[in-house]
Amino acid sequence: MKRYSAFAIAREALRQHRGWTEAWPSPAPRDRYDVVIVGAGGHGLATAYYLGKNHGITNVAVIDKGWLGGGNTGRNTTIIRSNYLQDPSAAIYEKSRALYETLSQDLNYNIMFSPRGVMMLAQTEHEKRGYLRTERANALQGVDTRFISPAEVKKLVPIINLDGPRYPVLGALWQARAGTARHDAVAWGYARACAAMGMHVIENCAVTGVEAVGGQVTAVNTTRGTIGCKKLGIVVAGHSGKLAEMAGFRLPVESVALQALVSEPIKPCMDVVVMANTVHGYMSQSDKGEMVIGGGADGYNNYTQRGSWHHIEETVRALCETFPMIARLKMLRQWGGIVDMTGDRSPIISKTPLSGCFINCGWGTGGFKAIPGSGWAMADLMAKGESPLAGAFSMYRFREGRFIDESVAAGVAH
Amino acid sequence: MLLLTCPCCGVTAEETEFAPGGEAHLTRHGPGSDDDAFESYMFNRKNVMGVHFERWRHAYGCGKWFIAARCTVTLEVFGTYPAQTTEPPPGIVEKIKAKRPEWEGYK
C-alpha cells in the first residue's frame with residue numbers, strides 16, 4: 001500500500017492523478033481466521049488495528065452487515081474529551097484522547113484531529129459543585145482540566161449569553177486539549193491501516209449465527225458463508241443484544257435513539273466545543289461552517305435511527321437561550337443513531353460466558369471519543385486475556401455491584 | 001412521536017404526556033433471591049428488535065401505570081392495557097399476530 005504524503009500528491013499531480021490505488025481492497029472471506037471481529041465501525045476496526053500493531057496478530061477479518069463506518073461512527077457529533085469523574089473512565093478516555101493526538105501520523109491518514117478545547121457549562125449551583133469535584137478528580141488522574149470563571153467563558157466564546165434568565169452561566173469545566181476529529185476518516189484510516197497489515201475488511205456480510213463446540217466459539221455463520229475463528233470479538237453497538245443472543249448470553253443493554261442536527265453553514269463564530277448538560281444540548285462549528293448540535297436521547301427502546309421531535313425542540317430552545325445569535329439559523333439535517341445504554345451508562349469491554357468470545361459495547365452516547373482507547377483495551381483483552389484499561393468494564397460488574405456510575409457525573413450529553 | 005391511549009382514563013395523547021418506564025412483565029427478585037435471578041431482574045433486558053412490551057405512566061394525566069405493546073423497528077403501537085397483568089392479554093396478542101404473522105408470541 002502506497003503511503004500518503006505531500007510528495008505523493010506532487011508525484012500524482014504530474015501524471016493526472018492516475019496512480020492512486022484503492023485505500024483498502026474488498027476481499028472474499030476465507031474459510032477461517034485466527035480472529036474475527038464483527039462490526040466494522042470505529043471500535044471494531046481499532047480493535048483489529050491494535051491486535052496487529054501491539055500483538056502481532058494479523059490473520060484477522062473484520063466483517064460488517066452494511067458498509068464500513070455506516071453506523072454510529074458516521075452519526076455522532078465527533079467530540080473528543082476525557083474529563084470524567086471516575087478513575088476507570090478517566091483512564092480509558094484519556095488514553096484514547098492521547099492516541100487521537102498522533103493518530104493521523106500513526107495511520108498515515110488525516111483524521112483532522114482538532115484540539116480546539118471543550119467546555120462543559122455549569123448552569124446551576126449543583127452542576128458547578130459537581131464540576132469543581134471533577135476538576136480535583138482529574139488533577140489526581142492526570143487529566144488536564146480547569147474550572148474557569150464566567151468571564152473566561154465569555155472570552156473563549158464571545159457569542160454566549162452568560163445571564164440567561166433560566167440558566168445563567170456560572171463557570172465551566174474547560175479541557176483545552178480536547179476537541180473534535182473527522183469521524184468517517186477515523187474508520188477509513190483504521191481500515192486502510194488494517195488492510196496494509198494483511199487483514200480482511202469484509203462489508204455486506206451479516207452474521208446469522210455463532211457456532212460453538214464445548215463452550216468454545218469455533219465459527220460464525222454469515223450471509224457469505226461460515227467463517228471459522230479461534231477468537232470472536234463482537235463490537236456492534238446497538239445490535240449487541242442480537243449478537244449476544246446468537247452467542248447464548250444476555251446483556252444489561254437497551255437500545256435507544258439519540259439525535260443530532262446541523263445548521264446551514266455560517267462564517268466562523270465559535271472555535272471551541274460547548275456542552276450544556278443541564279439543558280441537554282451541545283454545539284460546535286464544523287470546518288464547513290455548520291453548527292453541529294447534539295441533543296438528548298429518548299427514554300424508550302427504539303431501533304429506527306430517528307428520535308422524537310420534542311427532543312429537538314428542547315435542545316434547540318435551550319441553545320437559543322444560551323446562544324441568542326443562532327435563533328435565526330435554519331437547520332439543514334437532522335438524524336438519529338441507535339445507542340446501546342447499560343445499567344450504569346458505562347461501556348462493557350469483557351470476556352463472555354462463551355469461551356473465546358469477547359464483547360465491546362454499551363458506549364451509549366459517548367463512543368466516538370473512545371475509539372482508539374477502546375480498541376487498544378479490547379485488543380489487549382483478546383490477545384492476552386486481560387487488560388488494565390478494560391478490567392473495570394467487565395460485564396460481570398453488574399452482578400458483583402461494582403458500577404462505574406458516570407451517568408451522574410456526565411449528565412446526558414456524554 | 002408515539003400516540004398512546006391510557007387504558008385507565010381513556011385519553012389518547014402524544015408521548016410527551018407520558019413517561020416511559022422500561023420493559024414490562026418483569027418478575028421482581030428481591031432479598032433472598034440468588035445472584036443470577038437478581039442480576040437478570042435488575043439489569044438484563046430483552047432489548048427486542050420488533051414486538052416489545054413496555055411500561056408507561058400517564059405522568060401529565062391520571063398518573064396511572066399501564067403497558068403498551070409496540071414495535072421497536074417501526075414505532076407502531078399495537079395497543080395498551082392495564083399494568084395489573086403478568087403477561088399480554090389475549091386481545092392484544094391477537095392484534096399483534098394479525099399484523100406480525102412471523103411473531104413467535106410472548107416469551
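Helices and strands are runs assigned by DSSP, a helix having at least four residues and a strand at least two, and they are numbered from the N terminus. By that count, chain B of this predicted model has two helices and six strands.

Figure 1. Read from the N terminus on, the elements of chain B follow the order β-β-β-α-β-β-β-α. The radius of gyration of chain B is 14 Å, close to the 13 Å that the globule rule gives for 107 residues, and chain B is therefore as compact as a globular protein of that length. Taken along the principal axes, the box filled by the C-alpha atoms of chain B is roughly 40 × 35 × 25 Å. Of the 107 residues in chain B, 27% are buried. When contacts in chain B with a separation of 6 or more are considered, 48% of them are between residues 24 or more positions apart.

Figure 2. Is B:Phe38 buried or partly exposed? A residue counts as buried if 20 or more other C-beta atoms lie within 10 Å of its own, and as exposed if there are 12 or fewer; because B:Phe38 has 18 other C-beta atoms within 10 Å, it is partly exposed. Once the neighbours within four places in sequence are left aside, B:Phe38 is in contact with B:His29 and B:Ser33. Between B:Phe38 and B:Thr27, which are 11 residues apart in sequence, the distance from C-alpha to C-alpha is 9.9 Å.

**Figure 3. Chain A as a whole.** Chain A contains 12 helices and 18 strands. Its radius of gyration is 21 Å, close to the 22 Å given by the globule rule for 414 residues, so chain A is as compact as a globular protein of that length. The C-alpha atoms of chain A fill a box of roughly 65 × 65 × 40 Å along the principal axes, and buried residues make up 54% of the 414 residues in the chain. Among the contacts in chain A between residues at least 6 apart in sequence, 75% join residues that are at least 24 apart.

**Figure 4. The crossing of helices H3 and H10 in chain A.** Two packed helices are described by the angle between their axes and the distance between the axes. The axes of helix H3 (residues 87–101) and helix H10 (residues 371–384) of chain A come within 6 Å and cross at roughly 110 degrees. Angles of 65 to 115 degrees count as roughly perpendicular, which means that H3(A) is roughly perpendicular to H10(A). The crossing in which H3(A) passes H10(A) is right-handed. On the side of H3(A), the residues that meet H10(A) include A:Ile92, A:Tyr93 and A:Leu99, while those of H10(A) include A:Pro372, A:Trp376 and A:Ala377. By class, the residues of this contact divide into eight nonpolar, three polar and one charged.

**Figure 5. Helix H2 of chain A against helix H10.** Helix H2 of chain A (residues 42–55) and H10(A) have axes that come within 7 Å and cross at roughly 55 degrees, and these two helices are therefore oblique to each other. H2(A) passes H10(A) in a right-handed crossing. Among the residues of H2(A) that meet H10(A) are A:His43, A:Tyr50 and A:Asn54, and among those of H10(A) are A:Gly375, A:Met378 and A:Met382. The contact of H2(A) with H10(A) has 11 nonpolar, seven polar and no charged residues.

**Figure 6. Helix H2 of chain A against helix H7.** The axes of H2(A) and helix H7 (residues 183–196) of chain A come within 9 Å and cross at roughly 35 degrees, and H2(A) passes H7(A) in a left-handed crossing. The contact is made by residues including A:Leu45, A:Ala48 and A:Gly52 of H2(A) and A:Val186, A:Tyr190 and A:Cys194 of H7(A). Its residues divide into 10 nonpolar, two polar and no charged.

**Figure 7. Where chain A touches chain B.** In this view, 20 residues of chain A are in contact with 16 residues of chain B. Helices H8 (240–247), H9 (309–322) and H11 (397–400) and strand E12 (253–263) of chain A each supply at least two residues of the side that touches chain B. The largest share of that side, three residues, comes from E12(A).

Technical notes. Residues numbered from 1 in each chain as written. Chains lettered and ligands numbered in written order. Predicted model: local features only at pLDDT ≥ 70, side-chain atom pairs only at ≥ 80, totals over all residues. Axes fitted to C-alpha atoms, helices over the stretch in contact; angles between N-to-C directions. Parallel < 35°, antiparallel > 145°, perpendicular 65-115°, else oblique. Left-handed = near helix turned anticlockwise from the far one by under 90°. Contact = placed C-beta atoms within 7 Å. Nonpolar A, V, L, I, M, F, W, Y, C, P; charged D, E, K, R; others polar. Rg over C-alpha atoms; globule rule 2.2 N^0.38 Å.
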